[in-house]
Amino acid sequence: QVQLVESGGGLVQAGGSLRLSCAASGRTFSSYDMGWFRQTPGKEREFVAGINRSGRSIDYADSVKGRSPISRDNGKNTVSLEMNSLKPEDTAVYYCAARGPIVGFTTVVRDTRYDYWGQGTQVTVSS
């Protein structure tokens, strides 16, 4: 069982930055691939960024590529998403997700086939 708690959301003006963090419980965080997803009312949850358990495979949605690096610290059981140059269309609830435990090397999965999800953190970007 993995519990995920997101933090770092808030209200920011367009062009600003936010750092989202996700703290995971458990002693086997390094066995899980991690992802960030977002959702707006009436729309399906969409992939934002993902990182595999070793950090050697990273993937981004085109909408955030180049401005929102994802990183993880397996020693602190955390995964972060640094969101820069924010746009009003980035407004959404952002969810942290974990997939695993995984043995061996895997590449990031973009769909919602993750096993554990956080409660979400609201990001609002004003124009």
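Let me start with a definition: helices (H or I, at least four residues) and strands (E, at least two) are DSSP runs, numbered from the N terminus.

What we are looking at is a predicted model, in which local features need pLDDT of at least 70 and side-chain atom pairs count only at pLDDT 80 or more, while totals for chains, interfaces and linings use all residues. Residues are numbered from 1 along each chain as its sequence is written, and side-chain values use heavy atoms, with hydrogens and water left out.

Let me turn to the overall picture. The secondary structure comes to 0 helices and 11 strands. The radius of gyration, taken over C-alpha atoms, is compared with a globule rule of 2.2 Å times the number of residues to the power 0.38. The protein has a radius of gyration of 14 Å, close to the 14 Å that this rule gives for 127 residues, so it is as compact as a globular protein of that length. Its C-alpha trace spans about 45 × 30 × 25 Å along the principal axes. I will call a residue buried under 20% relative accessible area, exposed over 50%, and partly exposed in between, using a 1.4 Å probe and protein chains only; on that scale, 45% of the 127 residues count as buried. If contact means heavy atoms within 4.5 Å, then among contacts between residues at least 6 apart in sequence, 61% join residues at least 24 apart.

Now, how are the strands arranged around β11? Two strands pair if DSSP finds at least two bridges between them. Strand β2, residues 10–13, pairs with β11 in the parallel sense over 4 bridges, and there Val-12 has Val-125 as its bridge partner. β9 and β11, on the other hand, pair in the antiparallel sense over 3 bridges, with Tyr-94 bridged to Thr-121. In a regular strand the side chains alternate between the two faces of the sheet.

The next topic is the interior. A nonpolar core is a set of buried Ala, Val, Leu, Ile, Met, Phe, Trp, Tyr and Cys residues joined through side-chain atoms within 4.5 Å. The largest one has 28 residues, of which Leu-4, Met-34, Trp-36, Ile-70, Val-79, Leu-81 and Tyr-94 touch the most other members. Two or more residues of this core come from each of β3 (18–24), β4 (33–39), β5 (46–51), β8, β9 and β11 (121–126). A second, separate core holds 7 residues, including Phe-37, Phe-47, Val-108 and Val-109. Leaving aside residues up to four places away in sequence, Ile-70 touches Trp-36, Ala-49, Gly-50, Ile-51, Ile-58, Tyr-60, Val-79, Ser-80 and Leu-81.

Which cysteines form a disulfide here? Taking a disulfide as a pair of cysteine sulfur atoms within 2.5 Å, the structure holds 1, formed by Cys-22 and Cys-96 with their sulfur atoms 2.1 Å apart. The link of Cys-22 and Cys-96 is left-handed, with -80° about the S-S bond. Cys-22 lies in strand β3 and Cys-96 in strand β9, so the pair ties together parts that are 74 residues apart in sequence. Cys-22 is buried at a relative accessible area of 1%, and Cys-96 is buried as well, at 0%.

Let me finish with some backbone details. Most residues other than glycine have a negative phi, and most peptide bonds are trans. Against that background, Asn-77 has a phi near 55°, a positive value in a residue other than glycine; Asn-77 sits in the loop between β7 (70–73) and β8 (78–83) and is buried, at 16% relative accessible area. Ser-85, the residue I began with, also has a positive phi, of about 50°, but Ser-85 is partly exposed at 42%. Finally, the peptide bond from Gly-100 to Pro-101 is cis, with omega near 5°, and Pro-101 is found in the loop between β9 (92–99) and β10 (116–117).
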